[in-house]
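Hi,

Here is the structure I promised to pass on.

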Amino acid sequence: MLIFLVYAVEILVAVLLKTTVLNYVALGNDIVPDLLVMVVVAAAYQRGKTKGMLVGFACGLILDIISGSFLGVFALFYMFIGYLNGFMAKFYVQNDILLPLAMAACSEFLFGFMLYVFLFLTRGRLDVMSYIGNQIVPLSVYTAIVFLLVYRILDLIYWKVTKPLYTDYSKVES
């Protein structure tokens, strides 16, 4: 139960930072690191597919409500990312950074591509290579760089909360 409260606080802080502070560190064409992808990747990597999907759905639903776009689009995207990253929970090791870093970069690339397909391609914007080169790749790299810092904090919080609950990996859902 405590872990759900921790995830709720992480999501709230990520949404507040994404909508306020991170706009001041934007690169070029409004390229801002996606903290919500980071929270979803960390939750899915640490807790498995189901928890990753739940955290992803919550992140996406809050972003849908804030952005005022089609309700459920971001929820579906983040839930899908949480589900895919949950497959890697069986490889979870505390203080490992390379696998979650690759997961975050790939997840951001996938999120950007899904965003392009569902929100831009359907409107007739067909220049996919330009969008990948100008938006998706820089956003993935920027998110991965920020993820190096943020993941350490998320991993530390996770271990402080869950260490008293269990010490073996048999409780982690795969």
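One definition before the notes: a residue is called buried when its relative accessible area is under 20%. Also keep in mind that this is a predicted model.

Let me start with helix H4, which covers residues 73-86. Its 14 residues reach 20 Å from the first C-alpha to the last, close to the 20 Å expected at 1.5 Å a residue. The buried residues in H4 are Val 73, Phe 74, Ala 75, Phe 77, Tyr 78, Ile 81, Gly 82, Asn 85 and Gly 86. What do they pack against? The buried residues of H4 have helix H2 (35-47), helix H3 (49-67) and helix H5 (98-120) as their packing partners.

The largest pocket holds about 510 Å³ of space. It is lined by 21 residues, and the closest to its centre are Lys 18, Asp 30, Phe 111, Leu 115 and Leu 139. Two or more lining residues come from each of helix H1 (2-19), H3, H4, H5 and helix H6 (128-162), with H5 giving the largest share at 5 residues. By class, the lining of the largest pocket splits into 12 nonpolar, 5 polar and 4 charged residues.

The second largest pocket has a volume of about 200 Å³. Its lining includes Val 9, Glu 10, Leu 35, Met 38, Val 150 and Ile 157. Here H1, H2 and H6 are the elements that give two or more residues, and H1 gives the most, with 5. The class count for this second lining is 11 nonpolar, no polar and 1 charged.

Then there are the aromatics, with 14 aromatic pairs in the structure. Take Tyr 45 and Tyr 92: their ring centres are 5.1 Å apart and their planes sit at 75°, so this pair is edge-to-face. Tyr 45 is in helix H2 and Tyr 92 in the loop between H4 and H5, so the pair links parts of the chain 47 residues apart. Both are buried, Tyr 45 with a relative accessible area of 0% and Tyr 92 at 5%.

Tyr 92 also pairs with Trp 159, this time stacked, at 6.3 Å centre to centre and 15° between the planes. Trp 159 belongs to helix H6, so this pair ties together parts 67 residues apart in sequence. Trp 159 is buried too, at 14%. Tyr 45, Tyr 92 and Trp 159 are among the members of one aromatic cluster, which also includes Phe 147, Tyr 151 and Tyr 158.

Cheers

How values were computed
Residues numbered from 1 in each chain as written. Predicted model: local features only at pLDDT ≥ 70, side-chain atom pairs only at ≥ 80, totals over all residues. Heavy atoms only, no water. Helix = DSSP H or I, 4+ residues; strand = E, 2+ residues; numbered from the N terminus. Expected span 1.5 Å × (residues − 1). Buried < 20%, exposed > 50% of the residue type's maximum accessible area, 1.4 Å probe, protein only. Contact = heavy atoms within 4.5 Å. 1 Å grid on protein atoms, 1.4 Å probe; cavity = no way out; pocket = protein on both sides within 12 Å on 5 of 7 lines; lining within 4 Å. Points joined across faces, edges and corners; volume = space filled by probe spheres on them. Nonpolar A, V, L, I, M, F, W, Y, C, P; charged D, E, K, R; others polar. Phe/Tyr/Trp six-rings, centres within 6.5 Å; stacked < 30°, edge-to-face > 60°.
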